[in-house]
Amino acid sequence: MAVQKDKAAIREMIARRAEQEIESGYYVNLGIGMPTMVANYIHPEKEVVLQSENGLLGIGRSPYEHEVDPDLINAGKETVTASVGAAYCDSSESFAMIRGEHLDLAILGGMEVAENGDLANWMIPGKMIKGMGGAMDIVHGSKKVVIIMDHVNKHGDPKILKECKLPLTGKGVVDRIITDRAVMDVTDEGLKLVEIAEGWTVDEIKTQTEAELIISDELLKMPSSK
Amino acid sequence: MKQIYSSFHEAVKDIKDHSTIMVGGFGLVGIPENLILALVESNVKHLTVISNNCGVDDWGLGLLLKNKQIDKMIGSYVGENKEFERQVLAGELEVELTPQGTLAEKIRAGGAGIPAFYTPAGVGTPIAEGKEVRTFNGKEYLLQEGLTADFSLVRAFRGDRHGNLVYNKTARNFNPMMAAAGAVTIAEVEELVEPGELEADAIHTPGIYVQGLIEGQQEKRIERYTVRKEA
């Protein structure tokens, strides 16, 4: 078993690995929660435009206290700044950008992902439903959809399944899954293990993944957090 | 020239029980704060409210909710409001959750005279139940219908006496589409100016969509105050 890292270190490791999905020149939508953290690790030499579905193309850094503008927030309702060269738009235009497949990449959180790329990340039956927000639109719009999440749930049960048990956010929409233990691609042949984190064996990952895994011939080591 | 109201009470006086109203804003940003407060005071009941969110417990649409004025809510995310949860579980409030981009487009379509459109969002999910699915170029889409309202309450940065509106930053959000989709649209503006003062090329909502305006001062509450430390 791998050494148990603390939660913050695991989140940072996943966020840093997710950053590697971003290429210079990309337009990217980052979901609420852990995906938002990815912005902190974007390499300064990459030119990236972050889209916020509430109508901002070009999210900047967090404001200093004296810069806070109550009219300027991200989709997580946090106060932000706009980057140099940013553009504002209304919500229908913002989702036209998304639905029209103008975004290169979306990085979102997940509760369950199935081997065919089905994603569930918005509701748990029996619990109060808060709403899907923009997730159902975003999963169909981006050229590439990457899900970042823990490999197993807090009970240690797999979150990467043959079929999602929870109601779906989107059908066959996921391209890549990045977890604290592995990176997997949804391919026509099935779910392919392409990277594995230090301290885990392929057999361990197989046990922790309900979906059938194809092991890549060029299996890589996942970069560790530091 | 448009109706310029002298009080928020007067601005909402035609909104009666059982009206369908659209209310602009994303979270608490860009909401018509004073028009909502006036609606609470008017005590109209059995409203159907179309808005992306439903405010928080003590501000925005949360105030209408607390006062039990809403029968049905159409939105995309309502997770910031405990009273909302209580009323839904108690069967006092009907809720129709719609993906955010679909909601925006339903409102845009409604205001643009388009009765329905196909969108991929929601295919294969609970949202698709009872909806027509059609395949175009090998991809599945859901049929979604446009939305209109008896009244739209929007918030703009500046507006002129012709009803032309300009919004500020991310306070634009759902406001422009709602302005077009309301049979009667009332705009709460931070500053009311004379025609000609707004750059014609920079107007976000042309005045044809707006029936009445009122100037007001907003609190602009912040839901998630996020700052970096000064160096």
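The expected span of a helix is 1.5 Å times one less than its number of residues. The structure described here is a predicted model.

Helix H5 of chain B covers residues 100-111, twelve residues in total, and reaches 17 Å from its first C-alpha to its last, close to the 16 Å expected at 1.5 Å a residue. H5(B) is mostly covered, since ten of its twelve residues are buried. Among them are B:Leu103, B:Ala104, B:Ile107 and B:Ala109, together with the charged residues B:Glu105 and B:Lys106. Just after H5(B), B:Gly113 adopts a positive phi of about 75°.

In chain A, helix H1 has 13 residues, which should span 18 Å at 1.5 Å a residue; its end C-alpha atoms are 18 Å apart, which agrees. The N-terminal end of H1(A) is capped by A:Asp6, whose side chain places an oxygen 3.0 Å from the backbone nitrogen of A:Ala8. Buried residues of H1(A) include A:Ile10, A:Met13, A:Ile14, A:Arg17 and A:Glu19.

A:Glu19 belongs to helix H1, residues 7-19 of chain A. Buried or exposed: how does A:Glu19 count at 8% relative accessibility? A:Glu19 counts as buried, because buried means under 20% relative accessible area and the value for A:Glu19 is 8%. The side chain of A:Glu19 reaches the backbone nitrogen of A:His43 at 3.1 Å. Beyond its neighbours within four places in sequence, A:Glu19 is in contact with A:Val38, A:Tyr41, A:Ile42, A:His43 and A:Lys46.

B:Leu47 lies in strand S3, residues 47-50 of chain B, and counts as buried at 0% relative accessibility. Although B:Leu47 and B:Asp17 are 30 residues apart along the chain, 6.4 Å separates their C-alpha atoms. Leaving aside neighbours within four places in sequence, the contacts of B:Leu47 include B:Ile15, B:Ile21, B:Leu64, B:Ile70 and B:Lys72.

On the surface, B:Ile222, B:Tyr225 and B:Val227 form a nonpolar patch with about 230 Å² of accessible area together. B:Tyr225 is placed in the segment after strand S12 (212-215) of chain B.

**Salt bridges**

Over all chains, a search of the whole structure finds 30 salt bridges. The table lists three of them.

| Pair | N to O distance |
|---|---|
| A:Lys162 and A:Glu212 | 3.5 Å |
| B:Glu94 and B:Lys72 | 3.8 Å |
| B:Glu194 and B:Arg161 | 2.8 Å |

The side chains of A:Lys162 and A:Glu212 meet in a salt bridge. A:Lys162 is in the loop between strands S9 and S10 of chain A and A:Glu212 in the loop between helix H5 and strand S13 of chain A, so this pair ties together parts that are 50 residues apart in sequence. A:Lys162 is partly exposed, at 41%, whereas A:Glu212 counts as exposed, at 55%.

B:Glu94 forms a salt bridge with B:Lys72. This pair links distant parts of the chain, 22 residues apart, with B:Glu94 in strand S5 and B:Lys72 in strand S4 of chain B. B:Glu94 is partly exposed, with a relative accessible area of 46%, while B:Lys72 counts as buried at 19%.

The side chains of B:Glu194 and B:Arg161 also meet in a salt bridge. B:Glu194 lies in the loop between strands S11 and S12 of chain B and B:Arg161 in the loop between strands S9 and S10 of chain B, so the pair ties together parts that are 33 residues apart in sequence.

How values were computed: Residues numbered from 1 in each chain as written. Chains lettered and ligands numbered in written order. Predicted model: local features only at pLDDT ≥ 70, side-chain atom pairs only at ≥ 80, totals over all residues. Heavy atoms only, no water. Helix = DSSP H or I, 4+ residues; strand = E, 2+ residues; numbered from the N terminus. Buried < 20%, exposed > 50% of the residue type's maximum accessible area, 1.4 Å probe, protein only. Polar contact = N/O pair within 3.5 Å; in protein donor to acceptor, adjacent residues only side chain to side chain. Contact = heavy atoms within 4.5 Å. Patch = residues over 30% accessible without salt bridge, like charges linked within 9 Å, V, L, I, M, F, W, Y side chains within 5 Å. Areas by Shrake-Rupley, 256 points an atom, 1.4 Å probe, with all protein chains shown as cover. Salt bridge = Lys/Arg side-chain N within 4 Å of Asp/Glu carboxyl O.
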